[in-house]
Amino acid sequence: MDGNLSPNDLSHIVEADKAHVWHHLIQHKQFESKDPNVIIEGKGMRVWNQAGKEHLDAVSGGVWTVNVGYGREEIAKAVYDQLIKLNYFAGAAGSVPGALFAEKLISKMPGMSRVYYCNSGSEANEKAFKMVRQIAHKRYGGKKNKILFRDRDYHGTTIGCLSAGGQDERNAQYGPFAPGFVRVPHCLEYRAADQSAPKQHYGEWAADQIEQVILREGPDTVGALCLEPVTAGGGVITPPEGYWPRVQEICRKYDILLHIDEVVCGLGRTGTWFGYQHYGVQPDMVTMAKGVASGYAAIACLTTTEAVFDMFKDNADDPMNYFRDISTFGGCTAGPAAAMENMRIIEDEGLLENTNAMGDYMLGKLAEMQDKHTVIGDVRGKGLFLGAELVADRDTREPMAEKRVQAVVADCMGQGVIIGATNRSVPGYNNTLCFSPALIATKDDIDHILSAVDGALTRVFG
Ligand code: PLP
């Protein structure tokens, strides 16, 4: 814990926070009766708050971000060295870390070729949507402009991204939304709403539901399909077998660009560099943000194939024929400098291998916990990106009430272990416990997390 801050400093910080900070994702009324949690310091997988209390962080900074853990001096040094050399120049110019990180990133993404820098997952997705729209105008007289998104997926917080948002509670009260975004059904077998869903070949069947939407809309109006490889906040939904190859087949059949949102899965979270790489698909566009620099700098990337890039390069005499877009802080060099070091750490420390091993271990242990705790209806996930869905009744699969799910999260917090839960407020979305420890997690860390969850489930449900 930071010895440089006196108790007076700490109480001043808490008061300043309460008086002036508008926290993300929270109802502020609660701070009338309790103080906000101010995180002062982090090391490895542990963080300390203003009271000096140690927490084991099983959610990598709250939202699947700090993949290589806290306190990485080598990343801080790489950023420092870069900033004193050159901190920024606007996006049309290149930079040393920008060029070298793009080369390194693309070396892990066969079939992809170009990197477009920006600052957040939402921004990267907006840019992908803009590219799809521009391609529609350039190639298809403006017609092939619809973007399909999936129920339960989330692509960001801007109005454009919410228009492609499959989580209703995030959208409520923010409409009207942008036109031309069309929802397709989710692929979570455990929650298959359609009673005619087959037991065998469910994955292919779920993908075929996307084709039905394309046929209904008219294939000549659909420009892109945007999907998370494994859905994050919408319920930690791992795709069923057979799903992704069929999705790819459908996109190729109708000449639809496949945009994969790797904002959560990207850079190792699922045990491969990118989530889609588990499923043998070749996307046209990939967006990424959180794990790119593990939160040491704000950086997001949109990567594309050379074929997509080429569409903006032909007919150079046309003054409108380039991607007319900029991101002011896409010209910051701290992002790619941090990202380069982040990737080096993942490689040198064998963190993909560790993620696979620890992910399998944790998923197995969660499945074992189902024998003891009947409230665990389903466990799922990939690598260190895991979820346990809580139900009030295992037979009917009635979702557990949000209050009780939050009581489990709060109990773990009381034990000094930070876990998450899927998004609040709308029944059906808010009943999955989420785990996304840093990729450096050891067996002891996983056991520590699971023991806290075991205790919490026993206390909350008896
Ligand atoms: N895409 C996915 C899958 C996400 O989970 C998120 C954020 O949680 C975003 C996009 C938006 O990213 P950002 O918050 O950086 O704008």
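**Figure 1. Helix 12 beside helix 14.** In this predicted model, the axes of helix 12 and helix 14 (residues 443–461) come within 10 Å and cross at roughly 25°. That makes helix 12 roughly parallel to helix 14. Angles under 35 degrees count as roughly parallel, over 145 as roughly antiparallel, 65 to 115 as roughly perpendicular and the rest as oblique. Axes are lines fitted to C-alpha atoms, for helices over the stretch in contact, and angles run from 0 to 180 degrees between N-to-C directions. Helices (H or I, at least four residues) and strands (E, at least two) are DSSP runs, numbered from the N terminus. The crossing of helix 12 with helix 14 is right-handed. A crossing is left-handed if the near helix is turned anticlockwise from the far one by less than a right angle, and right-handed if clockwise. From helix 12, Met358, Tyr361, Met362, Lys365 and Met369 meet Lys443, Ile446, Leu450 and Asp454 of helix 14. This contact has six nonpolar, no polar and three charged residues. Two residues are in contact if their C-beta atoms, placed from the backbone, lie within 7 Å. Ala, Val, Leu, Ile, Met, Phe, Trp, Tyr, Cys and Pro count as nonpolar, Asp, Glu, Lys and Arg as charged, and the others, Gly among them, as polar.

Residues are numbered from 1 along each chain as its sequence is written. Local features need pLDDT of at least 70, side-chain atom pairs count only at pLDDT 80 or more, and totals for chains, interfaces and linings use all residues.

**Figure 2. Helix 13 against helix 14.** The axes of helix 13 (residues 402–414) and helix 14 come within 9 Å and cross at roughly 130°. The two helices are therefore oblique to each other. Their crossing is right-handed. Helix 13 brings Arg404, Ala407, Val408, Asp411 and Cys412 to the contact, and helix 14 brings Ala452, Val453, Ala456, Leu457, Arg459 and Val460. Eight of these residues are nonpolar, none polar and three charged.

**Figure 3. Helix 4 and helix 11.** Helix 4 (residues 96–107) packs with helix 11 (residues 334–348) at an angle of about 35°, their axes 8 Å apart. This crossing is left-handed. Pro97, Gly98, Leu100, Phe101 and Lys104 of helix 4 touch Pro336, Ala337, Ala339, Met340 and Met343 of helix 11. Eight nonpolar residues, one polar and one charged make up the contact.

**Figure 4. Where the two domains touch.** An automatic or database domain assignment gives domain 1 (37–68 + 350–461) and domain 2 (74–348). Their centres, taken over C-alpha atoms, are 26 Å apart. In all, 32 residues of domain 1 are in contact with 29 residues of domain 2. On the domain 1 side, helix 12 gives the most, with five residues. That side has 13 nonpolar, 14 polar and five charged residues.

**Figure 5. The shell around the ligand.** Of the 16 residues around the ligand, Ser120, Gly121, Ser122, Gly156 and Val263 come nearest. A residue is near a molecule or strand if its C-beta atom, placed from the backbone, lies within 6 Å of it. Helix 5 (residues 121–140) gives the most to this shell, with three residues. The shell holds six nonpolar, eight polar and two charged residues.

**Figure 6. Backbone details in two loops.** The peptide bond from Gly175 to Pro176 is cis, with omega near 5°. Pro176 lies in the loop between helix 7 (168–171) and strand 6 (181–184). Leu25 has a positive phi, near 55°. Leu25 sits in the loop between helix 1 (7–20) and strand 1 (39–43). Most residues other than glycine have a negative phi, and most peptide bonds are trans.
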